[in-house]
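Colleague: I would like a close look at a single part of this model, the place where the two chains meet. Please take it step by step.

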Protein chains: 2
Amino acid sequence: MKLVRIYDATLREGSQAEGIAFSTEDRLRIAEAIDQLGVHYIEGGFPASNPKELAFFERMRDVRLEHAELVAFGTTRRRGAKAEGDAGLRLLAEAWPRSVCIVGKTWSLHLRTVLRASREENLRMIADSVRFLAGHGKQVFYDAEHFFDGYRDDPEYAKATVRTAAEAGAAVVVLCDTNGAMLPAELGAVVADVARLGVPLGIHVHNDSDCAVANSLVAVSHGVTQVQGTINGYGERCGNANLVSIIPALALKMGIPVLAPEQLEKLTETAQFVSQIVNIALSAHRPYVGRTAFAHKGGLHVAGVEATPLTFEHVDPAKVGNESRVLISELSGKSAVLHKAREMGLEVDGDDERIGRVLRRLKEREHHGYQYEAADGSFELLLRQALQPHEPFFRLESFRVIVERLETGKTSVEATIKLHVGGERIISTAEGNGPVNALDAALRQAIIRCYPHLADIELVNYRVRILDEAHGTGAVTRVLLDASDGEESWGTTGVSENIIEASWEALVDSIEYGLLRGEGLCE
Amino acid sequence: MKLVRIYDATLREGSQAEGIAFSTEDRLRIAEAIDQLGVHYIEGGFPASNPKELAFFERMRDVRLEHAELVAFGTTRRRGAKAEGDAGLRLLAEAWPRSVCIVGKTWSLHLRTVLRASREENLRMIADSVRFLAGHGKQVFYDAEHFFDGYRDDPEYAKATVRTAAEAGAAVVVLCDTNGAMLPAELGAVVADVARLGVPLGIHVHNDSDCAVANSLVAVSHGVTQVQGTINGYGERCGNANLVSIIPALALKMGIPVLAPEQLEKLTETAQFVSQIVNIALSAHRPYVGRTAFAHKGGLHVAGVEATPLTFEHVDPAKVGNESRVLISELSGKSAVLHKAREMGLEVDGDDERIGRVLRRLKEREHHGYQYEAADGSFELLLRQALQPHEPFFRLESFRVIVERLETGKTSVEATIKLHVGGERIISTAEGNGPVNALDAALRQAIIRCYPHLADIELVNYRVRILDEAHGTGAVTRVLLDASDGEESWGTTGVSENIIEASWEALVDSIEYGLLRGEGLCE
């Protein structure tokens, strides 16, 4: 059986992405999550680059990783110097991790215009640096930067750098498509040629051609045994190869068991977790792990999936910790609603007249502009109301929002809510930076005493869509809200000609759904 | 030279994506933009599926596309019927477009569990349907659904469907990876095998394995001559093959000139435009067209790029209408501003220090979330203010909006504006069905006596985009307003944490721009 090692570079390459900056705490949490997923190597960072990265390695000394080995990153020695005199290399040699990865040059263009070193000196830099680290007992990975551009320019010289690194003691030589230029056909041919050297190879590609995942897989087909990439593909410019797509392809489609099945089931959770740490919402359309990756819309599709999932699913979503979703939309009928009700644990059969009522209600609301595809929370509340109604958590009497732009140019926003909760009538006023934000604050303030669980519920996403936009400011507005309590997340929706009203509706659904999951104190 | 045709399916496949719903107006605008890009075919939709799609074809009868041919979509005839008796096929035969595309089955699993037709009857359905349409003078494309799954199951039967379609008169047989299951190595081998039949082939893949772009390119390497995909990869589940990544790879990396160079330069603009119509922000990391696709961070990178761009850039960004972010020098910005100023008829030269001021102002505002691509009106006002300031049409003192939800469940909205116009101080209060609508009404009421031209100005479109969505209801809001006076239309924008404030800003710009075109009475 083929053995392939996964090398995660999220902590270093991810921090090169615009908009991502890790605190040491972030780094620790991400390293633990990736370790739990079961990858083989985690690149911790570049200790010579700044004290923060060095501090992270110190912190990690006391953290017991269960599966992964931490790797320290660096570069080959400076031009014209000695390896043992190079501060960066000495730092790597003395660092506690057993494995290190250093990057060096392949492409003459870079030697000429950036590094200003001769081709011969470059080979000596590679040999000296690898030999120095290996001599200190390190397992050395050598990243051949711009390997494919260098190979196009001069295949013999490019291969000479690979041979040099291997002869000096590199455990794996990693071919890098640093500019992300390659397409799979050419990349495959190059890897096949280099593989003839008999050196253990790795692959490290960027996504500028939108082919990083495919290129990594093609490289494995041609004999590469280490795949470098990042969670969710975070990285500079267009990102790095996305391990979240590569791992299941290797495991489920190419028969290479890179992770144990129970680890692979953590894939979706891990991708979502890391996206929360970096605070960039994961696109719903992400392969394997996105919310709509296994979502089915048409009635025929739903029937097909219920009969034989593989009619419309390329892998079993449970294997990557995701699930099939039936999108509740105009196209959906009774089978979709029944499917959803059973998923919620509500006992009901197809002849139940309440199901017909739900369907009529749905149609009516969709006609008014509601859309439940991305609002599973609102849909579940609607279904629950028909099948198993619960006592309302609070009863609204009225609300009022005042937005004032003063003569000074300053804006003030104030929301007042009057409601009944836990047998009391409460009047609550709050300010906010916008009308919906103020309403949210006033509502929470009013009911949190009864529902302390509310403190865990966070609104993480707020979207507005104007329906029938051509009516200008008189158009109907649809609001979608995503909320989370740290364990689960749910979407809710509201529709009105008045954006405040639509937002209020989504807000109330969002809070009610969250409260259904917790306990109230004032009942 | 190899000839490859690009077939855009955004209008049909895109509308299958969660969260995308096109109005007829949207469809027209997207079709025109894609035509301007220069693709060869545009799939207009499925006229038999609903009256809205049929109406779109009627509207398109009068639209002259410059480059693309509109294609109508449908399916093979029903089981056990006659082609000439099939309402959907008759509709296609009678539709005005010369080209049609019909989809049929390949995979026995689907024949058994979904369609319940025998393998022989399926071949007859394909042959009859293609022959019927070809007999009506149509150029017929045949989409072989689930082709690759079918091929895995029974390669001979899969190839028999291809042969059958071709013999019945299909101009191109399109191999579909409907479930998006394929990886490039296997897909390439299958395409190579099918290509031996000598039938003109197309490729249509979904992105569930994150390999749709690579798979499309691999198929072209193996002889496919039509590539189907969508702008920005919009489509069901994980989306379709992204034409925005495929087109430049074909043109710039594989030497297949699918578009003229000046058309390719519209790629970024087109991708951004379509993303605005569907109101889904385009990720900054999108290959070729994202804002950070050619952004350079490290100092070494910047130096390298300035010396020789190809050290760190896989293609010249100008060729796809994008730009290097470090190289966004005052120069490239400046020429755009000068161009616009001259367009507006303002005399100004490159050394004018006011131009530098405009550039700094623009940079500052873009940093705060403003975007002027779709807000030509606001951009022109900004420019005019710096180059040729005019007397303000009115001076706002303050406004106040009250939204109340009463105990009866009714909602009331009231806006009051205090402003100075034509030497008078006016207080104006109006109701509306939402806060922005009420503000619009109050503002018009206050100033229309001085600016009767205002009666012709209509707000035709109102869009809201939440920036940095992950901040929930505290996120920054960008509003885009389109207005028209019947002769010209213009877009304006506003940005604020407060949606009312952002809307007000766009509203005032919108009215000011319109008034610049008319005459005031009270001056």
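How many salt bridges does the rule find across the interface of chain A and chain B?

Modeller: In this predicted model, the rule finds two salt bridges across the interface of chain A and chain B. In one of them the side chains of A:Glu501 and B:Arg405 meet, with a distance of 2.4 Å from N to O. On the side of chain A that touches chain B, strand β11 of chain A, residues 395-405, gives the most, with ten residues, and by class that side has 44 nonpolar, 34 polar and 22 charged residues. The strand β11(A) is also joined by seven bridges to strand β9 of chain B, residues 395-405, and the two run antiparallel; within this pairing, A:Glu404 has B:Arg400 as its bridge partner in β9(B).

Taken as a whole, the contact draws 100 residues from chain A and 99 residues from chain B, and the area buried between the two chains is about 8200 Å², with carbon and sulfur atoms giving 55% of that area.

Strand β15(A) is mostly covered, with eight of its nine residues buried.

Terms used:
Residues numbered from 1 in each chain as written. Chains lettered and ligands numbered in written order. Predicted model: local features only at pLDDT ≥ 70, side-chain atom pairs only at ≥ 80, totals over all residues. Heavy atoms only, no water. Contact = heavy atoms within 4.5 Å. Buried area = accessible area lost by both parts, 1.4 Å probe. Salt bridge = Lys/Arg side-chain N within 4 Å of Asp/Glu carboxyl O. Helix = DSSP H or I, 4+ residues; strand = E, 2+ residues; numbered from the N terminus. Nonpolar A, V, L, I, M, F, W, Y, C, P; charged D, E, K, R; others polar. Pairing = 2+ DSSP bridges. Buried < 20%, exposed > 50% of the residue type's maximum accessible area, 1.4 Å probe, protein only.
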